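Please open the model in your viewer and keep the selection panel at hand. The tour below goes from one selection to the next and says what is to be found at each stop.

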Amino acid sequence: MSEEERSLNFIEHIIEDDLKAGYDKKSLRFRFPPEPNGYLHIGHASSICLNFGLGLRYDSPVNLRFDDTNPAKEEKEYVEAIKADVEWLGYQWDTECYASDYFGQLYEWAVALIKQGKAYVDSQSSEEIADQKGTPTEPGTGSPYRNRDVAENLRLFEGMKNGEFKEGEHVLRAKIDMSSSNMLMRDPIMYRILHKPHHRTNTDWCIYPMYDWTHGESDYIEQVSHSLCTLEFLPHRELYDWFLDQLVDSKKLRPKQREFARRNLSHTVVSKRKLLQLVENDVVSGWDDPRMPTISGLRRRGYTPESIRNFADTIGIAKRENVVDVSLLEFHVREHLNRIAPRVMAVLNPLKLVITNFPEGTEEWLDAENNPEDAEAGSRQVPFSRELYIEKEDFREEANRKFFRLKLGGEVRLKNGYIIKAESCTKDENGNVVEVQCTYDPKSKSGSGTEESLRKVKGTLHWVSIPHAIETEIRLYDRLFSDATPDGHKDKDFMDFVNPDSFKKVKGYLEPSLKDAKIGDRFQFQRLGYFNVDSDSDSENLIFNRTVTLRDTWAKLEQKK
RNA sequence: UGGCCCAUGGUGUAAUUGGCAACACAGCUGGUUUUGGUCCAGUCGUUCUAGGUUCGAGUCCUAGUGGGCCAACCA
């Protein structure tokens with residue numbers, strides 16, 4: 001989809017309106033502001049694509065800003081992971097910023113506010129402050145310290161900064177309006193005392209600014225023009241503007257906050273807290289478990305950055321509640337992988353097939369196309385021999401004409417190989433088929449151009465030559481939750497909906513060309529799905545993750561029964 | 001018994017700003033195919049309700065209904 005054809009989302013409309021109203025395009029600037037207290041997930045990806053997409057669209061800088069005002073929760077490890085994720089998605093930030101870099105400026109501004117009588121030190125407990133806050137329907141009442149004189153406020157605030165007080169002893173509050181219908185305007189806390197080392201400023205500070213006092217001011221310092229956040233921050237906008245009103249220099253750009261609805265994905269949860277719960281309860285192996293909707297999980301699962309960007313682009317951005325069906329994400333990864341993933345053959349549920357008229361102890365190397373969607377992809381050789389594996393599901397002793405696979409007396413094409421006919425089968429004591437005996441037509445070789453090779457046979461199977469097969473571990477993933485909105489039930493916990501079959505480990509038999517596959521390499525296992533090499537692999541053992549199955553209309557037909 | 005936000009197919013977003021409701025996904029029907037993949041064609045809607053303004057309303061106004069957010073020394 002070309003840029004000019006695409007319709008604008010409401011954020012772009014706001015920007016276009018600003019531009020029309022005389023806003024200088026050169027002063028456009030955006031930012032992605034994660035708190036380094038956890039891993040990024042698909043919801044963040046949407047925000048990243050929004051902000052960096054705007055940067056690309058308007059040729060404007062986009063900062064990566066870590067909102068690191070709470071040393072109790074934040075760690076350097078997350079900073080590194082977040083940077084890696086943003087880069088992997090394919091975006092380049094203009095400046096790597098930290099709210100903590102502005103602690104000095106913020107402190108100066110706070111002192112100025114105190115001097116103007118617009119901030120005061122409150123010496124009550126958090127319970128007392130909460131009690132006086134009122135409720136959404138009742139106004140709050142002023143703190144007994146609300147009218148402390150400026151000199152005392154300054155002295156106490158400096159004392160707070162110098163570590164003269166214990167945590168919780170004092171806070172700095174903005175003096176706004178205890179009866180505002182907006183709870184956030186009822187003298188919000190600007191600073192609290194925290195005797196904790198910070199991942200960047202270490203022990204330089206023992207007071208830390210709150211989000212509201214930091215975010216808009218950071219935007220102003222960085223001269224961010226449009227500060228985009230999720231809908232739950234809408235009531236914060238009034239406070240965001242109030243703080244800016246106190247210190248904005250009219251010659252400088254004044255940032256504006258605008259809000260959009262966070263994107264929810266069906267069959268998963270998109271909340272750091274809930275994802276953490278999955279990790280801590282060992283429901284998954286970690287933040288990068290391939291079932292996790294984290295960027296690192298999707299990466300390990302085999303998703304491509306392009307597919308995630310296309311997904312974000314397609315779902316767009318708006319202000320209403322939403323649950324995007326995960327099938328849309330799957331569509332985008334299939335669409336991309338269909339174009340780029342080399343085709344190979346692998347059997348995951350093997351059934352032995354013996355071609356009785358193929359000479360014992362011999363092999364034949366067949367030409368196989370690497371990707372029918374990509375003329376440049378070339379071809380490779382795959383070995384054919386007397387004993388092969390096919391999928392158990394691809395053979396039935398008897399079946400109706402809707403079954404385009406192998407049945408006794410029936411014919412089928414072996415992909416890139418020959419047409420075979422099932423003559424008989426052997427069963428174990430339980431009646432399970434353990435071997436199928438076939439004959440092949442030596443003149444029907446794929447691509448040979450013979451009359452026999454051009455015969456139309458309904459059904460083509462993938463296969464692997466047993467003596468040449470590489471044995472590997474295959475990890476099959478399914479949706480982590482059986483319910484579309486696991487956290488959308490008032491009476492049930494989202495953990496109740498964890499899909500017990502979301503992970504299955506099986507043994508796979510792969511064509512030998514795969515032996516040199518490297519971690520991260522993506523393939524289409526023909527007729528099965530897209531797979532990539534997991535990071536748990538080593539030179540001895542390959543491990544594959546199933547990214548997503550192919551669309552399977554046959555499975556749908558079967559399910560209907 | 002408050003304030004604010006939102007409402008368009010099953011899902012997500014559009015609608016030249018008041019002018020024939022569009023795109024993608026999913027579903028369903030067919031066609032092509034040496035992947036039951038890909039590809040191609042077709043199909044699926046009283047724009048939450050009721051009033052109002054207007055030649056004309058998804059869009060503007062009023063009321064209602066439904067959903068969401070707001071009382072962390074979190075972000």
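**Stop one: the surroundings of the RNA**

Begin by selecting RNA strand B together with the 69 residues around it, among which Arg263, Arg320, Arg343, Ser446 and Lys556 come nearest. Bear in mind throughout that this is a predicted model. If you colour this selection by residue class, the surface near RNA strand B divides into 22 nonpolar, 23 polar and 24 charged residues. Switching to secondary structure, you can pick out helix 1 (10-20), strand 6 (189-193), helix 12 (326-340) and helix 13 (553-560), each of which supplies at least two residues of that surface.

Now turn to the RNA side: of the atoms of RNA strand B within 4 Å of the protein, 62% belong to sugar or phosphate, and the rest belong to bases. Individual contacts can then be inspected in turn. Select glutamate 35, where an N or O atom of the side chain is 3.5 Å from a sugar or linking oxygen of RNA strand B. Go on to glycine 168, which places a backbone N or O atom 3.1 Å from a base nitrogen of the RNA strand, and then to lysine 402, where a polar backbone atom is 2.8 Å from a base nitrogen of RNA strand B.

Next, display the open sheet of seven strands, whose order is 10-25-26-27-23-24-11 and whose pairing is mixed. Strand 10 (343-344) and strand 11 (346-347) each have a single partner strand and stand at the edges, so one side of each is left without a neighbour in the sheet.

**Stop three: aromatic rings**

Counted over the model, there are 26 aromatic pairs. One of them to select is phenylalanine 384 with tryptophan 463, an edge-to-face pair with 5.2 Å centre to centre and 90° between the planes. Phenylalanine 384 lies in strand 14 (residues 379-385) and tryptophan 463 in the loop between strand 21 (460-461) and strand 22 (464-465), so the pair ties together parts that are 79 residues apart in sequence. Both phenylalanine 384 and tryptophan 463 are buried.

For a cluster linked by ring pairs, select Phe103, Tyr107, Phe157, Tyr191, Trp205 and Tyr208.

**Last stop: charges over rings**

Finally, select lysine 252 with tyrosine 220, where the charged end of the lysine sits over the ring, 5.5 Å from its centre.

Note on methods
Residues are numbered from 1 along each chain as its sequence is written. Chains are lettered from A and ligands numbered from 1 in the order in which they are written. This is a predicted model: local features need pLDDT of at least 70, side-chain atom pairs count only at pLDDT 80 or more; totals for chains, interfaces and linings use all residues. Side-chain values use heavy atoms; hydrogens and water are left out. Two strands pair if DSSP finds at least two bridges between them. Helices (H or I, at least four residues) and strands (E, at least two) are DSSP runs, numbered from the N terminus. Rings of Phe, Tyr and Trp (its six-membered ring) pair if their centres lie within 6.5 Å; planes under 30 degrees apart count as stacked, over 60 as edge-to-face and the rest as tilted. Buried means under 20% relative accessible area, exposed over 50%, partly exposed in between (1.4 Å probe, protein chains only). A charge sits over a ring if NZ of Lys or CZ of Arg is within 6 Å of the ring centre and within 35 degrees of the ring normal. A residue is near a molecule or strand if one of its heavy atoms lies within 4 Å of it. A polar contact is a pair of N or O atoms within 3.5 Å; within protein, one must be able to donate a hydrogen and the other to accept it, and residues adjacent in sequence count only if both atoms are side-chain atoms. Ala, Val, Leu, Ile, Met, Phe, Trp, Tyr, Cys and Pro count as nonpolar, Asp, Glu, Lys and Arg as charged, and the others, Gly among them, as polar.
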